[in-house]
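Please read them with the coordinates open.

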Amino acid sequence: MAKKTGQAIDFASIKATMSDPYKKTFQIVDKDAKIVNQELFDTFSDDQLVDFMKKMVWERALHEQTMNFSRQGRLGFYAPTYGEEASEMGSVSAFKDQDFLFPAYRDLPELIQHGASVTQGFLWSKGNAVGDDYGDQRNWFPQIIIGAQYVEAAGAALGIKKNGEKDAVSFVYTGDGGTSQGDFYEGVNFASSFQAPAVFMVQNNGWAISVPRKKQTAAETLAQKAVASGVPSIQVDGMDVLATYIATKEARDFAAAGNGPVLVETLTYRYGAHSSAGDDPSRYRTKEEEKPWFDADPLIRMRKILGDKGLWSQDQEDKLTEEYKDSFKKSMKEAENTPTQSVVDMLKTTFEEPTPQIKADIARFEAKESK
C-alpha cells in the first residue's frame, strides 16, 4: 500500500478564508465623502440627508453637554458617544415605534430617539427610578451588565413571535467587548433556534475600556461570530450614516418578515474615554492610531456631501448646536427637580406580591418616613 502523503483536511486554508464573506464592508459614502454607491445614495431625498445630519449634530451636542454636566458632578455614570453618531443615529432611524429596544449603557441617544425623553436619560444616569419608567413605549432601560441585553432581546423577540405580532422586532446594542461575553452567544443562539425576530447590533468601536479589539478575539470580524448559530450578518462602515441606515433597515425588514434574526456589525470608533469615570485613552492608544478615525469623522463626511448640494452651512450647524444644548440644560433642571424614590416605594415595587420579610421592611420604613 502506498504511503499516504499530505493532509486530508486543509485547516490552514479554511482558517485563512473563513472570514472572507464578512470583510466586504458595506459602504455608500467613503471617508473622503466620495459617493461609492450612487444607486443607493440616490434613494435618499435631500430632506432625509439633512435629517440624518441634524440627528448626528443633536447627538454630538448631547455628548458635549452631558460631559459638561458630568464634570459639574450633576450626573452619575455616563458613557461618551463622541464618534459613534453615524452608527447610532443611522441604525436607530431604521426601526419603528412597535419595535422593542434593549440598549447598553452607551446607547442613551438611541433610547431617546426611540421615545424616551432627554430628562429620562439624565434620570437614568442619576440613578432615579423615574428614568426607567417608559410607560407604553417599547424601551428597556440601559443594561450595565456587559452583553446581558442580548439575552433579554432574544426573549422579547420570542414573545413577539408567540404573540403573533406582525412587523415588529426586538433590537439590541452591544460593543465589541460584548461579543466576548457568554450572554452574547446565548442570546444569538436562542433567537436563531426559535427563528425569533431580533436584530443584533454590534458597535465595534475598537476598544473595551483599555483592551483593544485585536486582543479580545481572534475572529477577523465580529459579524462572523453569528454564523455558527445560523444567523446571517454583515459588516458596515459605521462612520457612514447612510450605509448604516440601509443595512439596518434591510436587517429589520428581513427579521420582521419571519426569517429569523440578523446581526449587523458597525465599524466605528470611540473618540474619547470609555466613561466619564475618568479613564485616560492616551495611556492605552496613540495619536497615530486615532488620526485615521478622526479623519473619517461622520459629521465631516456629511458636511461635505450636504455642502456640495447647498443643503448645509456651518452657521446653520452652530445655531442648531446651541438650540440643542439649551434644551438639554432645561432637561437637566427638570431631572434635578424630580423627586427621588423613597425606600418604601422601592420595596413595594420589588415584587408584584411582597414577601413576608419585605412587608415587615415596608412597615418599618413607613414608620421612619412618616416622622
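**Notes on cavities, pocket and ring pairs**

1. The largest cavity holds about 70 Å³ of space. A cavity here is a set of points, on a 1 Å grid over the protein atoms alone, where a 1.4 Å probe fits but cannot get out; a pocket is an open set with protein on both sides within 12 Å along at least five of seven lines, and lining residues have an atom within 4 Å of a point. Grid points are joined across faces, edges and corners, and a volume is the space filled by probe spheres set on the points.

2. The model is predicted: local features need pLDDT of at least 70, side-chain atom pairs count only at pLDDT 80 or more, and totals for chains, interfaces and linings use all residues. Residues are numbered from 1 along each chain as its sequence is written, and side-chain values use heavy atoms, with hydrogens and water left out.

3. Residues lining the largest cavity include Leu62, His63, Tyr78, Leu108 and Phe122. Two or more lining residues come from each of α3 (46–71), α5 (108–113) and α6 (118–126); helices (H or I, at least four residues) and strands (E, at least two) are DSSP runs, numbered from the N terminus. By class the lining has seven nonpolar, four polar and no charged residues, where Ala, Val, Leu, Ile, Met, Phe, Trp, Tyr, Cys and Pro count as nonpolar, Asp, Glu, Lys and Arg as charged, and the others, Gly among them, as polar.

4. The second largest cavity has a volume of about 30 Å³. Helix α12 (residues 298–308) gives the largest share of its lining, three residues. The lining comprises six nonpolar, no polar and two charged residues; Asp240 and Arg301 are among the residues there.

5. The largest pocket has a volume of about 310 Å³. Of its 21 lining residues, Tyr105, Ile146, Gly175, Gly178 and His274 are the closest to the centre. Strands β2 (170–175) and β4 (207–208) each supply at least two residues of this lining, which has six nonpolar, 11 polar and four charged residues.

6. A search of the whole structure finds 20 aromatic pairs. Trp140 and Phe141 have ring centres 4.9 Å apart and planes at 25°, so they are stacked. Rings of Phe, Tyr and Trp (its six-membered ring) pair if their centres lie within 6.5 Å; planes under 30 degrees apart count as stacked, over 60 as edge-to-face and the rest as tilted. Phe171 and Tyr173 are edge-to-face, at 6.2 Å centre to centre and 70° between the planes.
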